[in-house]
2 protein chains.
Amino acid sequence: MERVPILKIGDILLVSIQVDMSDQTAVALQEDLAERIVATGCHGVIIDITALDIVDSFVGRMLSTIASISRVLDAETVVVGMRPAVAITLVELGLSLNGIRTALNVERGMELIAIERADDDHDEPDDDPVPEPTASP
Amino acid sequence: MERVPILKIGDILLVSIQVDMSDQTAVALQEDLAERIVATGCHGVIIDITALDIVDSFVGRMLSTIASISRVLDAETVVVGMRPAVAITLVELGLSLNGIRTALNVERGMELIAIERADDDHDEPDDDPVPEPTASP
């Protein structure tokens, strides 16, 4: 059985889906990803689907499940790299990818996750903290 | 023909090889990568081979060619995610992956490229510049 590799980059786990997903591969990916989120304490999951020609209901459901699992484990999921044709087909099929955030590419996905985290947790110091302007009385 | 997706992350192009490489796929990847290096001006290429069960002479040669092409285009190539069994087989096959740098994972590969670039170009300002201590006369 093929396993989809999970790459850790900073606070983010990156998954690039390039193979046809079977039931087994999808379940293995969900399990691996859940384990890695817990093991690494990462707060973001980026799923790259650049290589996919089509996102059918099976893949759509898998993405939704991954997003739900990640959310329970305190991680945001962003799907990136969707081709224009895939987006068109998705809408035509009536699949709305509920609960899944999307971004154009990996970098924008990372930005999205960083913004989400910053909103969630104002106390956490940022990598590049901007000093708050002090209001003059 | 399957194409291996190339993901841009900051100054680095990330390629995760998950499919069996044919002649055509390998040539397409080399061309795509060369084009992306030129288009983005990236200075690093990370090739993740976590998903590969074996690196034979064909894949080894492909990695060497990619590294050579990237070098000509002023980009460092690092191969990451090699499994222990793959490393053992490589040595047993007498393949030494000449001219290819390796790192344990993507993050270490990124560090390696950052260090290489810093060595190559001392003038370039760093992301986190440390003020030079001024020598007291």
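Which residue in S3(A) does A:Ile12 stand opposite?

1. In this predicted model, the residue that A:Ile12 stands opposite in S3(A) is A:Gly44. The pairing belongs to a parallel arrangement, in which five bridges join S2(A) to strand S3 of chain A, residues 44-48.

2. On the pairing with strand S1 of chain A, residues 6-9, the direction is antiparallel, and four bridges join S1(A) to S2(A). Within this pair, A:Leu7 has A:Leu14 of S2(A) as its bridge partner. The hairpin formed by S1(A) and S2(A) has two residues between the strands, and A:Gly10 takes a positive phi near 60° there.

3. Strand S2 of chain A, residues 12-16, is largely enclosed by the rest of the structure, because five of its five residues are buried. In a regular strand, side chains alternate between the two faces of the sheet. Here A:Ile12, A:Leu14 and A:Ser16 point one way from S2(A), while A:Leu13 and A:Val15 point the other way, and all are buried.

4. Turning to chain B, five strands form an open sheet with mixed pairing, in the order S1-S2-S3-S4-S5. Strands S1 (6-9) and S5 (101-103) of chain B stand at the edges with a single partner strand each, so one side of each has no neighbour in the sheet. From one strand to the next, the twist averages 30°.

5. Also in chain B, strand S3 (residues 44-48) and strand S4 (residues 76-80) run parallel and are joined by five bridges, and B:Asp48 stands opposite B:Val80 in S4(B).

Notes
Residues numbered from 1 in each chain as written. Chains lettered and ligands numbered in written order. Predicted model: local features only at pLDDT ≥ 70, side-chain atom pairs only at ≥ 80, totals over all residues. Heavy atoms only, no water. Buried < 20%, exposed > 50% of the residue type's maximum accessible area, 1.4 Å probe, protein only. Pairing = 2+ DSSP bridges. Axes fitted to C-alpha atoms, helices over the stretch in contact; angles between N-to-C directions.
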